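This report describes the fold and selected contacts of the structure shown below.

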Amino acid sequence: MTWTVDVDAVRAGERIALARTISQVEDQTTAGRQALSALFPFSGQAHLIGITGSPGTGKSTLTAQLAHAFRHPPTGDTPRRVGILAIDPTSPFSGGAVLGDRVRMRDLAGDAGIFIRSMASRGALGGLSAATAAVATVLDAAGYDVILIETVGAGQDDVEIVRLAHTTIVVEAPDLGDEVQAIKAGILEIADILVLNKADLAGVARAERALRSALELADAGRPFNEVAGHHREQKITSNASPIGWRPPLIKTIATTGQGTAELYQAIMDHRQYLSDENRWESKNAARLAAELEHHLRESLFASWQRGIDPQEYKQVLSDVLTHKIHPQQAALDLIKQPKSSK
Ligand SMILES: Nc1nc2c(ncn2[C@@H]2O[C@H](COP(=O)(O)OP(=O)(O)OP(=O)(O)O)[C@@H](O)[C@H]2O)c(=O)[nH]1
Ligand SMILES: [Mg+2]
């Protein structure tokens, strides 16, 4: 069955058209590619917010709270339309029943200004971060002002997805046993905002101390080149200090909503910080350049693959397996002599 994407319906916010388009884009069908091309010129407005952290820290619950905050801003700001992308097949967002159990989720479910989509972390064609970027582009073009992307901060994929985001929120919780684990994994370095969720649980003070000292360490390791000559010791009056952005630590209880207003404010502050000195534009430029490079790699590989003689490839592979040719040399040989070359 051929299926064409109704770009106007997507842009008008028709949910069924949007859901179908996202599926086509995820599956990289011809219709999906056409839709992406048609929608891309309308994208580039959304604020992409990554929410990452170890399993079970409360990312989904917090995401629901944040979505609610963007719909009903605590500060009287304009309400935003919110897209939620949950990257994980086990995420509560993937099941309607579980979704209904979440605090606030019931409010969100009937809200036309919210669109929730989960994406399987396995088997994404052409890589998960590329698929996420593509789906975010669709939501962006469909008029979602804020796109919340939840990922479990475990692997390389997550770091790449996080690179998509304008603002990255790292969620920690006191009951992780060894919160130093997450710190070791370098996850703090990607945080624009650090959240200590489950602040109602025992051990929160200890976790806070650990995170604060880790933040200081991370801060000391941050590149010093944003504004040359400024000294680190000066009094900090805002998170946007002259040496760059200092990630604030915000305590939340996602199950009750406590701390959500502060988190919302921190996101708005970060957005403001990015809008100064063209930081927003350079983030977007870096992301699009990376996307271009990614797709170039994929296309070059695919076109090379189409041109290679399978027999020749088998032969070279066998030479590698028997340690006759190093993989590096084999790759050079293979790309030099594709069957189709003149
Ligand atoms: N006590 C307490 N429990 C919380 C809080 N926030 C979330 N939880 C609970 O912690 C559990 C995990 O919450 P989720 O929001 O699913 O966590 P998650 O990080 O999205 O989990 P994964 O997506 O599976 O990694 C649920 O039972 C929540 O109700 C909190 O602030 N305090
Ligand atoms: Mg979750």
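Helices (H or I, at least four residues) and strands (E, at least two) are DSSP runs, numbered from the N terminus.

## Basis of the report

The model is predicted, and local features need pLDDT of at least 70, side-chain atom pairs count only at pLDDT 80 or more, while totals for chains, interfaces and linings use all residues. Residues are numbered from 1 along each chain as its sequence is written, chains are lettered from A and ligands numbered from 1 in the order in which they are written, and side-chain values use heavy atoms, with hydrogens and water left out.

## Overall composition

The protein contains 14 helices and nine strands. Of its 342 residues, 45% count as buried, where buried means under 20% relative accessible area, exposed over 50%, and partly exposed in between (1.4 Å probe, protein chains only).

Contact is defined as heavy atoms within 4.5 Å. Among contacts between residues at least 6 apart in sequence, 75% join residues at least 24 apart.

## Threonine 167

Threonine 167 belongs to strand β5, which covers residues 167-172. Because its relative accessibility is 0%, threonine 167 counts as buried. Its side chain forms a polar contact of 2.8 Å with the side chain of histidine 47. A polar contact is a pair of N or O atoms within 3.5 Å; within protein, one must be able to donate a hydrogen and the other to accept it, and residues adjacent in sequence count only if both atoms are side-chain atoms.

Not counting residues up to four places away in sequence, threonine 167 touches His47, Leu48, Ile49, Gly50, Asp192, Ile193, His270 and Leu274.

Two packed helices are described by the angle between their axes and the distance between the axes. Axes are lines fitted to C-alpha atoms, for helices over the stretch in contact, and angles run from 0 to 180 degrees between N-to-C directions. Angles under 35 degrees count as roughly parallel, over 145 as roughly antiparallel, 65 to 115 as roughly perpendicular and the rest as oblique.

Helix α4 (residues 59-71) packs against helix α11 (residues 260-275) at about 70°, with the axes 10 Å apart; α4 and α11 are therefore roughly perpendicular. On the α4 side the contact involves Leu62, Gln65, Leu66, Ala69 and Phe70, and on the α11 side Thr260, Leu263, Tyr264, Ile267 and Met268. These residues comprise eight nonpolar, two polar and no charged; Ala, Val, Leu, Ile, Met, Phe, Trp, Tyr, Cys and Pro count as nonpolar, Asp, Glu, Lys and Arg as charged, and the others, Gly among them, as polar. Within α4, alanine 69 is buried, with a relative accessible area of 6%. The C-alpha atoms of alanine 69 and alanine 261 are separated by 7.2 Å, although these residues are 192 apart along the chain.

Helix α12 (residues 279-307) also packs with α11, at an angle of about 85° and with the axes 5 Å apart. Here Arg271, Tyr273, Leu274 and Ser275 of α11 meet Arg279, Trp280 and Lys283 of α12. By class, this contact has three nonpolar, one polar and three charged residues.

## Nonpolar cores

A nonpolar core is a set of buried Ala, Val, Leu, Ile, Met, Phe, Trp, Tyr and Cys residues joined through side-chain atoms within 4.5 Å. The largest has 32 residues, of which Leu18, Leu85, Leu139 and Ile147 touch the most other members. Helix α7 (128-141) is among the elements that each supply at least two residues, and α7 gives the most, with nine. Apart from this core lies another, of 29 residues, including Leu148, Ile169, Ile193 and Ile250.
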